[in-house]
Amino acid sequence: MNSIHEQWLGTDPAYIGTPSQLQAQSGRGRVKLTWTQSADTRIAQTMITWTDGITSGEMLVDFERTVPGVQQVEQIVDNLAEATYTFK
């Protein structure tokens, strides 16, 4: 039963760093998301997902590290209808 997982048993989990301090600034039909990206050098992309309870969307954002350590990142999500959204 553990044959699928044997190669990972006994090793430390390799969790990737998570973003923090997310802020959203709304505008007409769009929102600007700003967050602090962790210092984890393995991060190459960030997935942004959103929903208004009826429809949903997603955006894959390439991440290019420009400074060592933590880094501020911002991304504009546009073409949004007027609604209340939840972003992840």
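Visitor: How much space lies in the largest pocket?
Guide: This is a predicted model, in which local features need pLDDT of at least 70, side-chain atom pairs count only at pLDDT 80 or more, and totals for chains, interfaces and linings use all residues. Residues are numbered from 1 along each chain as its sequence is written, and side-chain values use heavy atoms, with hydrogens and water left out. A pocket is an open set of points on a 1 Å grid over the protein atoms alone where a 1.4 Å probe fits, with protein on both sides within 12 Å along at least five of seven lines, and its lining residues have an atom within 4 Å of a point. Points join across faces, edges and corners, and volume is the space filled by probe spheres set on them, which for the largest pocket comes to about 250 Å³.

Visitor: How many helices and strands are there in the protein?
Guide: Both are DSSP runs numbered from the N terminus, helices being H or I with at least four residues and strands E with at least two. Read along the sequence, the pattern is β-β-β-β-β-β. The tally is 0 helices and 6 strands.

Visitor: Which strand gives the most to the lining of the largest pocket?
Guide: This lining has 17 residues, and those nearest the centre are Pro19, Trp35, Thr46, Met47 and Lys88. At least two residues each come from β1 (20–27), β2 (30–37) and β3 (45–51). With 4 residues, the top contributor is β3.

Visitor: How many residues in the lining of the largest pocket are charged?
Guide: Ala, Val, Leu, Ile, Met, Phe, Trp, Tyr, Cys and Pro count as nonpolar, Asp, Glu, Lys and Arg as charged, and the others, Gly among them, as polar. The lining holds 9 nonpolar and 7 polar residues, and the number of charged ones is 1.

Visitor: Which element gives the most to the lining of the second largest pocket?
Guide: This pocket has a volume of about 220 Å³. Its lining counts 13 residues, with Ser26, Gly27, Arg30, Ala83 and Tyr85 nearest the centre. Two or more residues come from each of β1 and β2. With 3 residues, the one that gives the most is β1.

Visitor: How many bridges join β3 to β4?
Guide: These two strands form a hairpin with 4 residues between them, and Gly53 in the turn has a positive phi of about 95°. Thr51 stands opposite Ser56 in β4. The strands run antiparallel, and the number of bridges joining them is 7.

Visitor: What is the bridge partner of Thr51 in β6?
Guide: β3 and β6 pair in the antiparallel sense over 2 bridges. On the β6 side, the partner of Thr51 is Thr86.

Visitor: How far apart in sequence are the parts that the pair of Trp50 and Phe87 ties together?
Guide: Rings of Phe, Tyr and Trp (its six-membered ring) pair if their centres lie within 6.5 Å, with planes under 30 degrees apart counted as stacked, over 60 as edge-to-face and the rest as tilted. There are 2 aromatic pairs by this rule. Trp50 and Phe87 make a tilted one, 6.1 Å centre to centre with 40° between the planes. Trp50 sits in strand β3 and Phe87 in strand β6 (residues 86–87), so the separation is 37 residues.

Visitor: Which residues do ring pairs link into a cluster?
Guide: Tyr85 and Phe87 have ring centres 6.2 Å apart and planes at 45°, so this pair is tilted. Ring pairs join three residues into a cluster: Trp50, Tyr85 and Phe87.

Visitor: Is Glu74 buried or exposed?
Guide: Glu74 forms a salt bridge (a side-chain nitrogen of Lys or Arg within 4 Å of a carboxyl oxygen of Asp or Glu) with Lys32, the closest N and O atoms being 3.7 Å apart. Glu74 lies in strand β5 (residues 71–78) and Lys32 in strand β2, 42 residues apart. Buried means under 20% relative accessible area, exposed over 50%, and partly exposed in between (1.4 Å probe, protein chains only). Lys32, at 26%, is partly exposed, whereas Glu74 has 52% and therefore counts as exposed.

Visitor: What is the relative accessible area of Asp40?
Guide: Asp40 forms a salt bridge with Arg42, their closest N and O atoms lying 2.7 Å apart. Arg42 is partly exposed at 45%. Asp40 is buried, its relative accessible area being 16%.

How values were computed
Two strands pair if DSSP finds at least two bridges between them.
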